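Visitor: I'd like a close look at a single part of this model, please. Could you start with the detail and then show me what lies around it?

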Protein chains: 2
Amino acid sequence: MKLSKTSEYALRILIYMAKKPADLYTAKYLIEQLHVSDKYLRRLMTELSKAGFIKSTQGRDGGYTFAKPINEISLYDIIDSVESMDKLNDCVLGFNECSCTNPCAMHDEWLVIRQKLNKIFHETKLSDLDFEHVLRY
Amino acid sequence: MKLSKTSEYALRILIYMAKKPADLYTAKYLIEQLHVSDKYLRRLMTELSKAGFIKSTQGRDGGYTFAKPINEISLYDIIDSVESMDKLNDCVLGFNECSCTNPCAMHDEWLVIRQKLNKIFHETKLSDLDFEHVLRY
DNA sequence: AATAAATACTACTTATTTGTAGCATATTAA
DNA sequence: TTAATATGCTACAAATAAGTAGTATTTATT
Ligand code: SF4
Ligand code: SF4
């Protein structure tokens with residue numbers, strides 16, 4: 001019952017960048033600040049670029065910066081881009097076909113949970129986070 | 001963002017048994033009904049026994065039956081016994097030390113989510129599930 | 001044009017989770 | 001007391017996720 005490491009990294013990186021959303025960040029700098037393994041972070045940055053959250057500039061003086069306003073990036077979008085958020089909406093019991101007319105015993109309970117989860121992950125944008133009291137990333 | 005396979009199996013098995021909570025179920029029968037791999041189910045049953053949800057009777061005419069009333073078994077307890085539910089309460093960002101006086105940027109958002117999740121998983125007992133419309137397990 | 005500083009790509013290694021096989025142990029009943 | 005029918009245990013195998021290494025490519029500065 002958790003996010004994957006990859007999602008954690010993606011969130012930490014983008015949240016860190018969201019503090020000063022107009023800046024350009026190099027991989028090297030992010031690695032130092034966030035203590036994420038070099039190659040893993042770089043691979044992830046490429047994924048996040050392809051997903052459209054950030055854009056990369058190659059070559060000297062290059063780096064990463066946001067590709068769109070951070071109030072348009074939800075936590076849902078971030079997680080969904082690196083591990084499928086469908087998993088959250090998939091059946092808890094691992095059935096691959098389900099409908100409300102063909103439910104299992106957990107249906108009602110799970111529906112409530114997943115609706116709330118979806119709502120909060122969807123509604124929370126990078127810009128909504130509280131950076132005032134932040135002491136760590 | 002999901003439960004482990006093992007949790008799924010644990011839930012499916014116990015929910016299936018909860019439909020007729022006084023019955024004795026053999027591993028063989030559960031395997032047939034739930035289409036879970038033989039050895040994996042048996043190993044899991046032993047875990048669930050040790051966790052105190054069910055008790056096993058060895059030997060001929062043996063099997064598994066509930067060790068306590070099903071209104072005392074929450075979904076939280078079940079999942080927590082096979083994969084740590086602590087993971088849910090751990091930091092989303094993978095930090096291993098956190099307190100409310102030392103928060104990160106996601107703190108406020110995540111707190112709301114995890115409180116709701118905890119509440120619903122804790123409050124839902126096996127006996128609360130809707131078996132009326134159940135067509136599958 | 002050469003150099004420095006950055007990202008992009010491909011293949012490999014390690015760790016974790018999931019699944020399998022085989023044998024040991026326990027209990028009942030003929 | 002032996003056969004049948006259960007569960008219990010230990011070690012191994014396969015699949016997936018996480019992390020690492022090395023090389024290629026891009027671009028501004030000199
Ligand atoms: S109704 Fe049951 S089978 Fe369908 S998604 Fe919900 S938990 Fe899964
Ligand atoms: S405050 Fe931040 S670091 Fe602490 S648990 Fe919440 S998300 Fe994790």
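Guide: H3(B) is the element that gives the most to the surface near DNA strand D, with 4 residues. A residue is near a molecule or strand here if one of its heavy atoms lies within 4 Å of it. Helices are DSSP runs of H or I with at least four residues, strands are runs of E with at least two, and both are numbered from the N terminus.

Please keep in mind that this is a predicted model, in which local features need pLDDT of at least 70, side-chain atom pairs count only at pLDDT 80 or more, and totals for chains, interfaces and linings use all residues. Residues are numbered from 1 along each chain as its sequence is written, chains are lettered from A and ligands numbered from 1 in the order in which they are written, and side-chain values use heavy atoms, with hydrogens and water left out.

Around DNA strand D there are 25 residues, and those that come nearest are A:Lys39, A:Gln58, B:Ala27, B:Arg42 and B:Gln58. By class, this surface divides into 12 polar, 9 charged and 4 nonpolar residues. In that scheme Ala, Val, Leu, Ile, Met, Phe, Trp, Tyr, Cys and Pro are nonpolar, Asp, Glu, Lys and Arg are charged, and the others, Gly among them, are polar.

A polar side-chain atom of A:Lys39 sits 2.6 Å from a base nitrogen of DNA strand D.

Staying with H3, have a look at the chain A copy. There the side chains of A:Arg42 and A:Asp38 form a salt bridge, 3.2 Å from N to O; the term covers a side-chain nitrogen of Lys or Arg within 4 Å of a carboxyl oxygen of Asp or Glu. The two residues are 4 apart in helix H3 of chain A, so about one helical turn separates them. A:Arg42 is partly exposed at 37% relative accessible area, and A:Asp38 is partly exposed too, at 34%. (Buried is under 20%, exposed over 50% and partly exposed in between, using a 1.4 Å probe and protein chains only.)

Over all chains, the structure holds 4 salt bridges. Another of them joins A:Lys119 to A:Glu123, with the closest N and O atoms 3.3 Å apart. Both lie in helix H6 of chain A, 4 residues and about one turn from each other. A:Lys119 is exposed at 52%, while A:Glu123 is partly exposed at 48%. In chain B, B:Lys119 and B:Glu123 form a salt bridge at 3.4 Å, and B:Glu123 is partly exposed at 49%.

The contact (heavy atoms within 4.5 Å) takes 44 residues from chain A and 44 from chain B. Together the chains bury about 4100 Å², 66% of it on carbon and sulfur atoms; buried area is the accessible area (1.4 Å probe) that two parts lose on being put together, summed over both. Between these chains the count of salt bridges is 0. On the side of chain A that touches chain B, H1, helix H5 (86-89) and helix H6 (107-123) each give two or more residues, and H6(A) gives the most, with 9. That side divides into 27 nonpolar, 5 polar and 12 charged residues.

Finally, the ligands. Around ligand 1 you will find A:Cys91, A:Val92, A:Phe95, A:Cys98, A:Pro103, A:Cys104, A:His107 and B:Arg136. Because its surrounding residues come from chains A and B, the ligand 1 site is shared between chains. Ligand 2 is surrounded by A:Arg136 with B:Cys91, B:Val92, B:Phe95, B:Cys98, B:Pro103, B:Cys104 and B:His107, so this site is also shared between chains A and B. The shell around ligand 2 has 6 nonpolar, 1 polar and 1 charged residues.

Technical notes. Polar contact = N/O pair within 3.5 Å; in protein donor to acceptor, adjacent residues only side chain to side chain.
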